[in-house]
Protein chains: 2
Amino acid sequence: MQKVDVGKKILSANERYALKNRQFLAEREKVCLNMISSPGSGKTTILSRTISDLKDKIKIGVIEGDIQTDLDAERIKATGAPAIQINTAGACHLSAAQIDTALRNLPVDDLDLIFIENVGNLVCPSAFELGETAKIVVLSVPEGDDKPAKYPAIFAKSKVLLINKIDLLGAGSHVDFDVERARADARRLNKSIEVFPISAKTGKGMHSWYNWLLESAEDILS
Amino acid sequence: MQKVDVGKKILSANERYALKNRQFLAEREKVCLNMISSPGSGKTTILSRTISDLKDKIKIGVIEGDIQTDLDAERIKATGAPAIQINTAGACHLSAAQIDTALRNLPVDDLDLIFIENVGNLVCPSAFELGETAKIVVLSVPEGDDKPAKYPAIFAKSKVLLINKIDLLGAGSHVDFDVERARADARRLNKSIEVFPISAKTGKGMHSWYNWLLESAEDILS
């Protein structure tokens, strides 16, 4: 006879909101991707370029999480996409209740895909489900190729690893980063993770990320 | 008549350990610096170079905080300095109780200065006092010059801001970072913060940081 863990049946407030968000998105057949990384890995630059390059193919909206300022939402709005800024006022991650509010303030019915840009933090956001379709982790090459080994949780939970700022690699560069080491360490934690080395600044490698995005959106929306 | 806030008189467990650590260090006249930054800003490289360059002037020990692995403590030990690795097993910051244990395992009486390298996280470690003499925040230029505005707490609380990886700036670089903007934003939060632009890789700017370190240690130890 299996023991039933009663504790598991009681959802936390965050889990209840996450479930509500998941249902809200599923009913409307919308894809929602929760993007997580250290501060300054280039999340907003990746999103701005992705929105601009795919604007004729897919309608994207963004929920921006920051401790303070609305600098990132302003950058997204400059692309023409709708963006909602959430300020966490010190908190180190977004909560599902904040996403619930944001979803009600975005023109969700007009969108295909919603990105959540979480607070810059490679640790805490990985522990809070927001009701997203999938998590995307971004690691920029100046941060070092040891990060999957040192911060395993988010690499274990993400569908995609974007290795950003690869324009900083190459002959004469001061940045040492072994893409194969990072990929192998991430795959040890998560054998199905998709890994795309990109430069959101120069555009290098972005086409593979776009293909994944369009195919995933199609799979989910079909 | 002033109201007495009874709540303030009751210390949290972390605050009690922080006070204990502060007393332990004060009795022994040791300086302890709590280094905080995003993952991959170069904390371990800064420490390794600082230890090697100052080895004839000052005896340094290190407490390394990481979620997993002992990669950083091994890098510190390669310089010949004593290092204690703490694995937080998922927790996003070091606690004062962990520092209490580590201090008992370091040869503190043989040291002048103890660095704590906190978990890579620009948010949570700023909220947990460890009993340190001062906090040092590290911001690397690939992270962007908007970080003091977006993550203000740690910049408001630190004695020193090290702007690392300045070797990535300059003509032909793909990294945009306005040192003066970062400095001005940090000073708006904390008018007495010392700002040292450095490259721990090439050594550029490190002498000013060393001077501050030696003078501060002397002030505290004298």
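## Two chains in contact

Two residues count as in contact if their C-beta atoms, placed from the backbone, lie within 7 Å. By that test, 32 residues of chain B are in contact with 32 residues of chain A. This is a predicted model, where local features need pLDDT of at least 70 and side-chain atom pairs count only at pLDDT 80 or more, while totals for chains, interfaces and linings use all residues. As for labels, residues are numbered from 1 along each chain as its sequence is written, and chains are lettered from A and ligands numbered from 1 in the order in which they are written.

On the side of chain B that touches chain A, α6 (147-150) and α7 (152-157) each supply at least two residues. The largest share, three residues, comes from α6(B). Helices here are DSSP runs of H or I with at least four residues, strands are runs of E with at least two, and both are numbered from the N terminus. Sorted by class, this side of chain B has 14 nonpolar, ten polar and eight charged residues. Ala, Val, Leu, Ile, Met, Phe, Trp, Tyr, Cys and Pro count as nonpolar, Asp, Glu, Lys and Arg as charged, and the others, Gly among them, as polar.

## How the copies are related

Two copies of a chain are related by a rotation about an axis and a shift along it. Here, a rotation of 180 degrees with 0.0 Å of shift along its axis superposes chain B on chain A, with RMSD 0.0 Å. That is the relation of a two-fold axis. The same surface serves both copies, as 100% of the contact residues of chain B recur in chain A.

Now for a look inside chain A. Strand β5 (residues 134-140) of chain A is mostly covered, with six of its seven residues buried (20 or more other C-beta atoms within 10 Å of a residue's own, all placed from the backbone).

β5(A) has strand β1 (residues 31-37) of chain A as a parallel partner, joined to it by five bridges; strands pair if DSSP finds at least two bridges between them. Met35(A) has Ile136(A) in β5(A) as its bridge partner. β5(A) also pairs with strand β6 (residues 160-164) of chain A, again in the parallel sense and over five bridges. There, the bridge partner of Val137(A) is Leu161(A) in β6(A).

Conventions. Least-squares fit on C-alpha atoms with pLDDT ≥ 70 in both. Buried ≥ 20, exposed ≤ 12 C-beta atoms within 10 Å, placed from the backbone.
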